[in-house]
Amino acid sequence: MSDATQSSQGAGRVVLPPVDVYEDKAGITVVVDMPGVGRDGLAISVDGETLSIEGRVDLPGAPGMDLVHAEVRALHYRRSFALSRELAADRIDALLKDGVLRLSIPKREEARPHRVRVRTA
Amino acid sequence: MIGRFPPFYGDFYDQLSRMQREMEQMLGAGAPAASLRAGGASRFPAVNLGVTPESVEVYAFLPGVDAQGLELAVHQGLLVIAGERPPTHPEGATDVYQQERFSGAFRRTVSLPEDVDPEGIEATYRDGILHVRAPKRAAVQPRRVQVK
């Protein structure tokens with residue numbers, strides 16, 4: 001799996017969320033920080049071999065509030081990845097909790113490592 | 001008369017606008033949205049600060065922490081947000097391809113203006129954002145004076 005993220009320059013304030021990517025025997029796990037995003041603001045799609053994650057919510061604020069210091073200017077996250085063929089894109093599991101998205105992308109059965117049993121004759 | 005010596009902790013809003021200018025310089029105009037990660041681990045969590053006539057509102061972008069384990073303290077006008085975010089390494093992972101997310105202990109300090117009431121501070125955690133609301137003392141809130 002390779003990072004196919006495009007530069008977000010000129011596309012408004014789009015945040016490239018930090019990710020962790022791990023692989024184990026069963027598949028690949030992608031963990032994405034998207035603070036502020038709930039289920040309604042999240043869209044995950046697979047188009048061909050591209051997995052796209054997008055989350056968009058309004059900046060938190062109170063009525064009549066002046067933002068006097070802002071390290072975060074927008075909560076519009078976008079990131080995409082190229083999926084390699086051994087991954088089962090149709091069986092991706094997504095879990096969103098406390099602003100962290102965890103995607104489990106299983107490997108296709110035939111792509112999982114397996115032992116070859118040696119028979120003795 | 002000699003000009004007034006600038007107080008050490010300066011005016012709260014001056015400090016804030018200076019920090020904001022510095023941030024902007026660091027990022028440059030229209031910088032790609034690397035802002036969440038700018039400055040590395042010490043910048044976790046990123047913080048926004050707003051004021052209303054009645055309160056000071058602090059938002060800490062703190063995804064994936066256990067709200068019960070958060071340490072939130074107010075001392076001498078400083079709000080301290082501290083805690084720990086464990087790494088999310090799944091067991092038996094054979095390869096780590098990217099590890100951009102912050103993990104470990106964090107601590108951030110936000111100076112609150114003098115006019116807030118430390119007793120009235122409330123905090124909520126939702127969708128990975130910690131919101132701390134510090135009400136201003138009643139005496140300093142704008143009040144309408146009725147003309148008789």
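1. Between chain A and chain B, about 3,900 Å² of area is buried, and carbon and sulfur atoms give 56% of that area. Of the area that chain A buries against chain B, 20% is supplied by A:Y22, A:H69 and A:E71, which is more than any other three residues supply. The model is a predicted one, and the values in this note should be read with that in mind.

2. The contact draws 46 residues from chain A and 48 residues from chain B. Five salt bridges are counted between chain A and chain B, and one such bridge joins the side chains of B:R101 and A:D33, with 2.7 Å from N to O. The count of residue pairs in polar contact between chain A and chain B, both at pLDDT 80 or more, is 21.

3. On the side of chain A that touches chain B, at least two residues each come from β2 (19-23), β3 (27-33), β6 (66-70), β7 (75-82) and β9 (100-106) of chain A. The residues of this side comprise 26 nonpolar, nine polar and eleven charged.

4. Turning to the aromatic rings, the count over all chains is three aromatic pairs. One of them is the edge-to-face pair of B:F44 and B:F106, at 5.4 Å centre to centre and with 75° between the planes. This pair links distant parts of the chain, 62 residues apart, since B:F44 lies in the loop between α1 (12-27) and β1 (46-51) of chain B, while B:F106 belongs to strand β6 (residues 104-111) of chain B. Both B:F44 and B:F106 are buried.

5. The ring centres of B:F102 and B:F106 are 6.4 Å apart and their planes stand at 70°, so this pair is edge-to-face. B:F102 is buried, as is B:F106, and ring pairs link B:F44, B:F102 and B:F106 into a cluster.

Conventions. Residues are numbered from 1 along each chain as its sequence is written. Chains are lettered from A and ligands numbered from 1 in the order in which they are written. Side-chain values use heavy atoms; hydrogens and water are left out. Rings of Phe, Tyr and Trp (its six-membered ring) pair if their centres lie within 6.5 Å; planes under 30 degrees apart count as stacked, over 60 as edge-to-face and the rest as tilted. Helices (H or I, at least four residues) and strands (E, at least two) are DSSP runs, numbered from the N terminus. Buried means under 20% relative accessible area, exposed over 50%, partly exposed in between (1.4 Å probe, protein chains only). Contact means heavy atoms within 4.5 Å. Buried area is the accessible area (1.4 Å probe) that two parts lose on being put together, summed over both. A salt bridge is a side-chain nitrogen of Lys or Arg within 4 Å of a carboxyl oxygen of Asp or Glu. A polar contact is a pair of N or O atoms within 3.5 Å; within protein, one must be able to donate a hydrogen and the other to accept it, and residues adjacent in sequence count only if both atoms are side-chain atoms. Ala, Val, Leu, Ile, Met, Phe, Trp, Tyr, Cys and Pro count as nonpolar, Asp, Glu, Lys and Arg as charged, and the others, Gly among them, as polar.
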